[in-house]
Amino acid sequence: MSSNNLDQLYRQVIMDHYKNPRNKGSIEDGALTIDMNNPTCGDRIHLTLQVEDGVVQNAKFDGEGCSISMSSASMMTQAIKGKKIDEALQLSHIFSDMMLGKEYDDSIDLGDIEALNGVAKFPARIKCATLAWKAMEKGVSEEQQQN
Amino acid sequence: MLSKEIRSYFPILNQEINGHPLVYLDSGATSQKPVQVIEAIKKYYEFENSNVHRGVHTLGNRATESYEGAREKVRKFMNAKSTQEIIFTRGTTTSLNTVAQSYGRANVKEGDEIVITHMEHHSNIIPWQQLAKETGATLKYIDLEADGTLSLEKVRATITDKTKIVSIVYVSNVLGTMNPIKEITQIAHEHGAIMVVDGAQAAPHLKLDVQNLDCDFLAFSGHKMCGPTGIGVLYGKQHLLEKMEPIEFGGEMIDFVGLYESTWKELPWKFEGGTPIIAGAIGLAAAIDFLEEIGLDEIEKHEHELAAIAMEKMSTVNGLTIYGPVDPSKRAGIVTFNLDDVHPHDVATVLDMNGIAVRAGHHCAQPLMKWLQCTATARASFYLYNTEEDIDRLVAGLRTAKEYFSDVF
């Protein structure tokens, strides 16, 4: 059994986010709402963001999916709360590089997100991990266009 | 059970995946190819390659003979009356779309009904959704029984005199259910409707007989039955096909072309616009030879046995739910399942790390997932090269997955 390889994917901190998701739910009023799904597997995310003065004041998610997609959503909301839009997008680019197995900017503390770097070795699962980030990018860029 | 020697014809099976001998349990998505098929395609490209139905040179004749020979092979394989009823397409999806766009647009109007079921693949839902939207017809679904089978009472209750088209899957790609197509065809005909059959999961696994079924159209794909990708078949009754207009226009399908008007070739070529899928048809013919030498009845029996063994052994894994008919004789070699709350993607990744390939997701059947009240499932699908040892490996893999996730949770 190749449990060592599996351990690279399913790190403890990922399982913790899956079991105890942070920021689960939905922001009711005046929030940006983004729904996105992964048509090849049925994973689904409903993301709500509250952006004021260019800063993500609050972020919540709801959805259905595997441990990787849901833990990634939980980590993403945790990471972008309190960040400026530019900083959130920068994190997203770093995350994308990480998923593609490229060298990524490690001058920024990624916190829990770092645990997802094992996903790069499982090409079939990269889309699971990036779903929530794509939803965030979509919402934030719509917000930028409006302002 | 079939002899394990069959495996030696499939070069791809003889390899390790993630450090373990490959166990391929995803034939429902696409089957593996025997050397006989690979060699036939190679031989075509090395000795016969040329365009068909044109030119007078020798290679052109060879290619035409092989291509049309493949059509005769398909005719015999499904017991059609004539090769004029056998149209080569890109696959089941193209075949079903051809019926919807050609027969459907000409014969369905506002107020008419199209009847399908809750267990259809997307390729047997969306062409009818589109047709219903275009024409103002109503799309109706036959509800399933709790075990994922169809009851003829509900079929009778859904099909009415307004029904113009009934289109139903022969063997469900998720539940493995084998549907009573002959009986449903009779009910459709009593109401003056035509019967379309999605045979994608049937053609690889059981003996087709379109004359016995009496269905009006039947579609299947080559790649699920040991043939190459990119080739499929649309069978249609000759009197219906004759009245239908082509949906693709261009070379190969024409009789006479004027500046403003053209006429079509006779059947089946009027439906085969452009250079046809010559190597694909030849590969499909080789696949039919291969399957018939083993025997479709033997293959069907082998799969029933594997399904029965799989259901019995898998049910010993705590927390495992199997969907579809409980009686293995009512299902083909397809076993769809979930393991506790572990997401099927996570199950499939653990199995893959153990060399076992299964499908995880919605299996192109989102309405059926809704009916099953789950967003996704995992599926093991068996074919003639699978063995009881493969099932043992699967069950061991499932236990590993269960252990692994109960540890990390």
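Modeller: Strand E16(B) is joined to strand E17 (residues 377-381) of chain B by three bridges, and the two run antiparallel; helices (H or I, at least four residues) and strands (E, at least two) are DSSP runs, numbered from the N terminus, and two strands pair if DSSP finds at least two bridges between them. Within this pair, Arg359(B) stands opposite Arg379(B) in E17(B). This is a predicted model, in which local features need pLDDT of at least 70 and side-chain atom pairs count only at pLDDT 80 or more, while totals for chains, interfaces and linings use all residues. Residues are numbered from 1 along each chain as its sequence is written, and chains are lettered from A and ligands numbered from 1 in the order in which they are written. As for confidence, chain B has an average pLDDT of 96, with 99% of its residues scoring at least 70, where pLDDT is the predictor's confidence in each residue, from 0 to 100; for the complex, the predictor gives an ipTM of 0.83 and a pTM of 0.93.

The pair belongs to an open sheet of four strands in chain B, in the order E13-E14-E17-E16, and the pairing is antiparallel. Strand E13 (320-323) and strand E16 (359-361) of chain B are at the edges with a single partner strand each, so one side of each is left without a neighbour in the sheet. From one strand to the next, the twist averages 30°; axes are lines fitted to C-alpha atoms, for helices over the stretch in contact, and angles run from 0 to 180 degrees between N-to-C directions. In general, strands of a sheet pair through backbone hydrogen bonds, either parallel or antiparallel.

Across E13, strand E14 (334-339) and E17 of chain B lies helix H10 (residues 296-314) of chain B, running at about 15° to E14(B); contact is judged by C-beta atoms, placed from the backbone, that lie within 7 Å of each other.

Helix H11 (residues 344-353) of chain B has ten of its ten residues buried, so it is largely enclosed by the rest of the structure. A residue is buried if 20 or more other C-beta atoms lie within 10 Å of its own, exposed if 12 or fewer, and partly exposed in between, with C-beta atoms placed from the backbone. The buried residues of H11(B) include Pro344(B), His345(B), Asp346(B), Asp352(B) and Met353(B). Just after this helix, Gly355(B) takes a positive phi of about 85°.

Other backbone details in chain B deserve a look. Most residues other than glycine have a negative phi, and most peptide bonds are trans. Cys226(B), however, is a residue other than glycine with a positive phi, near 75°, and it lies in the loop between strand E9 (217-221) and strand E10 (232-236) of chain B. With 29 C-beta neighbours inside 10 Å, Cys226(B) counts as buried. The peptide bond that joins Leu267(B) and Pro268(B) is cis, with omega of about -5°, and Pro268(B) is placed in the loop between strand E12 (262-264) and helix H9 (278-294) of chain B.

Moving on to chain A, strand E1 (residues 32-38) and strand E2 (residues 43-52) of chain A run antiparallel and are joined by seven bridges, with Asn37(A) opposite Arg44(A) in E2(A). The two strands form a hairpin with four residues between them, and Gly42(A) in the turn has a positive phi of about 95°. Nine bridges then join E2(A) to strand E3 (residues 55-64) of chain A, again antiparallel, and Phe61(A) in E3(A) is the bridge partner of Leu47(A). This second hairpin, of E2(A) and E3(A), has two residues between its strands, with Asp53(A) in the turn at a positive phi of about 50°.

Finally, the two chains touch through 19 residues from chain A and 18 residues from chain B. On the side of chain A, helix H1 (3-9) and helix H2 (12-19) of chain A are the elements that give two or more residues. The largest share of that side, four residues, comes from H1(A). By class, the side of chain A divides into nine nonpolar, seven polar and three charged residues, where Ala, Val, Leu, Ile, Met, Phe, Trp, Tyr, Cys and Pro count as nonpolar, Asp, Glu, Lys and Arg as charged, and the others, Gly among them, as polar.
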